[in-house]
Amino acid sequence: MKGNNNKTENQLLVIFGATGDLNKRKLMPSLYALDVLNLLPEKLAIVGSGRTVLTDEEFRHSMIVAIREFSKEKDLSKVEAFASRLFYQTVNPSKVDDFQILNKRLESLREQLEIGSQNIIFYLSTPPSLYEIIPQGLAAAGLNNEEKGWKRLIVEKPFGYDLEGAEKLNTSLQKNWNEEQIFRIDHYLGKETVQNVMVTRFSNGIFEPLWNRNFIHHVEITSAENFGVGQRGGYYEGSGALRDMVQNHLLQLVSLIAMEPPASIDANAIRNETVKVLQSLRPISEDKVGSVAIRGQYVESQIQGAHIKGYREEAGVDPASKTETFAALKFYIDNWRWGGVPFYIRTGKHLPTKVTEAVIHFKPTPHHLFAQKGSCDTCNQLIIRIQPDEGILIRFAMKTPGAGFRVENVSMDFHYSDLSNVRIPDAYERLLLDSMTGDSTLYARIDAVMAAWKFIAPIQNAWKNNPEIPVYGYPAGSWGPDVADNLIEEPEMTWRHPCAALTSDENFCKL
């Protein structure tokens with residue numbers, strides 16, 4: 001991202017939950033990075049809000065400390081100047097009058113800073129329990145009115161905890177806010193490599209002709225974390241891997257991989273195509289869930305000599321919990337392009353490493369001149385690494401030196417880190433800037449959210465209501481329950497185990 005000479009409209013940004021972790025670790029460092037890059041509006045007031053009583057100076061000091069601790073920017077000389085844009089207003093969401101006080105404070109700042117416009121973004125960096133309450137309070141104070149300037153509402157995930165909850169939340173929001181005002185954020189879509197999925201497909205003639213059921217054997221997506229729930233056990237008990245990762249992050253990634261070419265790069269054109277994918281997911285009946293969805297929980301183990309507690313021993317977790325820390329699914333997309341191609345997705349905590357990647361497995365050649373078997377285990381692969389070592393890798397067969405035709409798979413790869421002169425922006429930088437300019441391309445539209453929940457609902461219901469569906473234990477540090485291998489159709493095949501080669505830093509993966 002390059003400087004835009006402050007062409008973004010003047011505006012105010014109000015962050016609810018401003019004393020929380022997300023704001024300190026992600027939002028403030030990202031806003032500071034945008035300031036360093038000269039991408040923020042010329043006149044912008046950033047107003048932190050929460051129940052805590054703070055002065056402007058106290059808030060500024062705490063944000064300066066956070067930026068210095070969590071920012072990826074090397075140049076921290078502008079932190080003090082950036083902090084002059086920060087203000088704080090105490091708001092108790094349960095007190096309607098506090099929103100009127102907030103309105104008056106915003107009016108005062110607008111006049112004081114000569115911002116001019118009444119453009120405002122409200123960012124809900126709060127617990128989901130406030131996603132209905134705060135927008136209602138804002139509307140009661142007239143802060144959703146767009147007569148003299150646009151108003152936007154950014155809602156963090158999760159957007160509901162199930163289909164019914166998502167419908168209820170959406171009904172509540174749309175009483176006072178229209179769809180164009182609501183920006184449902186999924187930070188995965190802000191990652192450079194996720195966005196590059198579209199570019200890889202639609203800008204390269206070698207890929208798009210092959211991107212269909214005639215040439216692709218199966219698609220595999222893995223999102224792994226090498227740590228447990230830590231002190232968030234109480235929160236995770238009400239979430240689980242299916243809600244926390246599959247319903248939003250991974251299904252959004254599936255929609256980008258499987259979408260049809262949009263008519264243009266306009267936000268609606270792109271989102272029209274991604275939602276078609278989600279609406280084409282083959283429904284899973286509750287009685288079939290046991291054969292196409294696997295859930296697991298990490299159990300105690302030893303990792304490099306250290307004892308790792310099992311999930312049920314974590315603080316805040318029910319000792320008899322059935323909340324899944326691992327989920328793996330097999331499903332199909334019923335449309336012309338993908339008919340019959342299986343998609344496999346998995347996610348889990350306390351797996352061997354932290355990595356997110358999508359693997360396109362191409363079909364084998366029809367006549368196996370140089371292979372003894374017809375398994376797709378050695379098929380060509382296109383690997384799109386989302387994190388942490390962002391890049392793209394192609395695996396293909398080559399003859400090894402020497403007599404005969406001994407064939408071996410080799411890799412040709414590209415790493416974003418190889419572009420030493422190119423800065424890779426944090427996902428929140430891109431998404432915050434897009435919200436300021438009104439670009440909703442990388443934000444989830446309500447029909448896509450509902451389609452994802454509708455697909456997930458039978459799995460949620462079966463896991464909740466059918467005691468015969470097991471929760472498989474897997475040792476912390478392993479790749480999840482062995483039974484997840486049974487999802488893959490060919491007996492000779494298994495999941496790809498990414499990051500087989502690690503550097504001395506175990507959290508850093510090579511392709």
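Reader: Are F183 and Y443 buried or exposed?
Author: This is a predicted model, where local features need pLDDT of at least 70, side-chain atom pairs count only at pLDDT 80 or more, and totals for chains, interfaces and linings use all residues. Residues are numbered from 1 along each chain as its sequence is written, and side-chain values use heavy atoms, leaving out hydrogens and water. Buried means under 20% relative accessible area, exposed over 50%, and partly exposed in between, with a 1.4 Å probe and protein chains only. By that scale, F183 and Y443 are both buried.

Reader: Which kind of pair do the rings of F183 and Y443 make?
Author: Rings of Phe, Tyr and Trp (its six-membered ring) pair if their centres lie within 6.5 Å; planes under 30 degrees apart count as stacked, over 60 as edge-to-face and the rest as tilted. The centres of the F183 and Y443 rings are 5.0 Å apart. Their planes stand at 80°, so the pair is edge-to-face.

Reader: How many residues apart are F183 and Y443?
Author: Helices (H or I, at least four residues) and strands (E, at least two) are DSSP runs, numbered from the N terminus. F183 is in strand β6 (residues 182-184). Y443 is in the loop between α12 (427-437) and α13 (446-465). This pair links distant parts of the chain, 260 residues apart.

Reader: Which residues does S435 contact, leaving aside neighbours within four places in sequence?
Author: S435 is in helix α12. It is buried, with a relative accessible area of 1%. Contact means heavy atoms within 4.5 Å. With those neighbours set aside, S435 touches I121, R152, I154, F183 and Y443.

Reader: Which residue lies over the face of W150?
Author: A charge sits over a ring if NZ of Lys or CZ of Arg is within 6 Å of the ring centre and within 35 degrees of the ring normal. At W150, the distance from the ring centre is 3.5 Å. The residue is R152.

Reader: How is α6 oriented relative to α13?
Author: Axes are lines fitted to C-alpha atoms, for helices over the stretch in contact, and angles run from 0 to 180 degrees between N-to-C directions. Helix α6 (residues 163-173) packs with α13 at about 155°, their axes 8 Å apart. Angles under 35 degrees count as roughly parallel, over 145 as roughly antiparallel, 65 to 115 as roughly perpendicular and the rest as oblique. That makes α6, relative to α13, roughly antiparallel.
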